[in-house]
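I opened my notebook and wrote down what I looked up, one entry at a time.

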Amino acid sequence: MIKSHYNQVAGRDNNRSIALSDGIFAVAITLLFLDIRVPLQENVASDFELINLFTSLKPKFIVAFLAFMTIGIFWTGHSVQYQYITKSDRNLSWINLLFLLSVIILPFSTSFLGNYIDFIFPMVIYWFNLLIMGLLLYLHWNYAYKKGLIDEEKKDLVSKPIKTRIIIAQSLYFIGALLCFFNPYISIAFIILVQLNYAFAFINGIKS
């Protein structure tokens with residue numbers, strides 16, 4: 001009779017990891033916009049006052065779009081990895097869970113930034129969230145590669161582009177974060193432009 005340890009048989013179902021991941025990404029996107037609430041103010045006397053009240057939500061809409069693009073970029077990168085990861089184990093499942101933890105924290109760091117968009121510290125917190133997401137996504141792929149959990153025929157072809165994409169993106173996010181010391185809006189605009197490029201590959205040199 002062959003005995004196996006629990007750790008040798010746990011966490012081997014890729015389908016459950018993918019399903020949970022898609023669910024977490026969906027929840028995170030939903031939470032981004034649940035934070036934007038209709039402003040209530042008594043005795044609104046004119047459309048002009050109402051327009052001013054509406055435009056006061058501008059910071060929240062800006063950072064919600066920023067975070068929407070962030071989640072979209074990371075969901076795409078995560079999906080690409082699972083196109084080639086054919087097997088799993090307990091450790092990879094837990095690395096994925098930690099990555100999902102960093103994803104579900106993003107609505108909080110987004111809300112914090114939206115409420116204090118004129119300050120530097122919230123942008124640093126948001127960037128740190130991006131950094132953790134990037135590091136865990138890189139670790140997720142690197143672990144799968146080293147443990148032979150990736151399609152053997154394609155792993156060497158796709159591994160370098162996947163790793164390079166994460167490294168370049170994180171480097172650009174870091175540059176964007178530094179710009180907050182000049183102006184937080186410039187910092188946010190730069191990161192959004194980086195994300196738009198990764199979404200639509202406008203610039204061939206850093207396309208995804």
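**Entry 1: Ile104**

I started with Ile104 and skipped its neighbours within four places in sequence; Ile104 is then in contact with Ile24, Val27, Ala28 and Leu31. I noted that the model I am reading is a predicted one. Next I asked which helix holds Ile104. I found Ile104 in helix 5, which covers residues 90-115.

**Entry 2: Ser21**

I moved on to Ser21, which lies in helix 2, residues 14-34. How accessible is Ser21? I read a relative accessibility of 0% for Ser21, so Ser21 counts as buried. I then looked for contacts of Ser21, leaving aside neighbours within four places in sequence. I listed His78, Asn96 and Leu100. Ser21 and Val103 are 82 residues apart in sequence, yet 9.5 Å apart in space, C-alpha to C-alpha.

**Entry 3: Lys60**

I turned to Lys60 in helix 4. Is Lys60 buried or exposed? I wrote "buried" for Lys60, because its relative accessibility is 17% and buried means under 20%. Which residues does Lys60 touch, if those up to four places away in sequence are not counted? I noted Asp35, Ile36, Gly114 and Asn115. I followed up on Gly114. Lys60 and Gly114 are 54 residues apart in sequence, but 4.7 Å apart in space from C-alpha to C-alpha.

**Entry 4: Asn129**

I looked up Asn129 and found it in helix 6. I marked Asn129 as buried, because its relative accessible area is 7%. Which contacts does Asn129 make beyond its neighbours within four places in sequence? I listed Ser102, Ile105, Leu106 and Ser109.

**Entry 5: The whole protein**

I stepped back and asked how many helices and strands the protein has. I counted 8 helices and 0 strands. From the N terminus on, I wrote the order of elements as α-α-α-α-α-α-α-α. I then looked up burial: 41% of the 208 residues count as buried.

**Entry 6: A nonpolar patch**

I searched the surface for a nonpolar patch. Which residues make the patch of about 720 Å²? I wrote down Ile120, Phe121, Val124, Phe174, Leu178, Phe181 and Phe182. Two elements give two or more residues each to this patch: helix 6 (120-146) and helix 7 (155-178). Helix 6 gives the most, with 3 residues. I placed Phe182 in the loop between helix 7 and helix 8, where helix 8 spans 184-200. I recorded Phe182 as exposed, because its relative accessible area is 71% and exposed means over 50%.

**Entry 7: Cavities**

I ended with the inside. Rolling a probe the size of a water molecule over the atoms shows where empty space is left. How many cavities of 30 Å³ or more does the search find? I noted 2 for the whole structure. The largest cavity holds about 70 Å³ of space. I listed the residues that line the largest cavity: Ile73, Phe74, Gly77, Leu137, Arg165, Ile166, Ala169, Gln170 and Tyr173. The elements that give two or more residues to this lining are helix 4 (58-84) and helix 7. I asked which helix supplies the largest share of the lining. I wrote down helix 7, with 5 residues.

Technical notes:
Residues numbered from 1 in each chain as written. Predicted model: local features only at pLDDT ≥ 70, side-chain atom pairs only at ≥ 80, totals over all residues. Heavy atoms only, no water. Patch = residues over 30% accessible without salt bridge, like charges linked within 9 Å, V, L, I, M, F, W, Y side chains within 5 Å. Areas by Shrake-Rupley, 256 points an atom, 1.4 Å probe, with all protein chains shown as cover. Salt bridge = Lys/Arg side-chain N within 4 Å of Asp/Glu carboxyl O. Helix = DSSP H or I, 4+ residues; strand = E, 2+ residues; numbered from the N terminus. Buried < 20%, exposed > 50% of the residue type's maximum accessible area, 1.4 Å probe, protein only. 1 Å grid on protein atoms, 1.4 Å probe; cavity = no way out; pocket = protein on both sides within 12 Å on 5 of 7 lines; lining within 4 Å. Points joined across faces, edges and corners; volume = space filled by probe spheres on them. Contact = heavy atoms within 4.5 Å.
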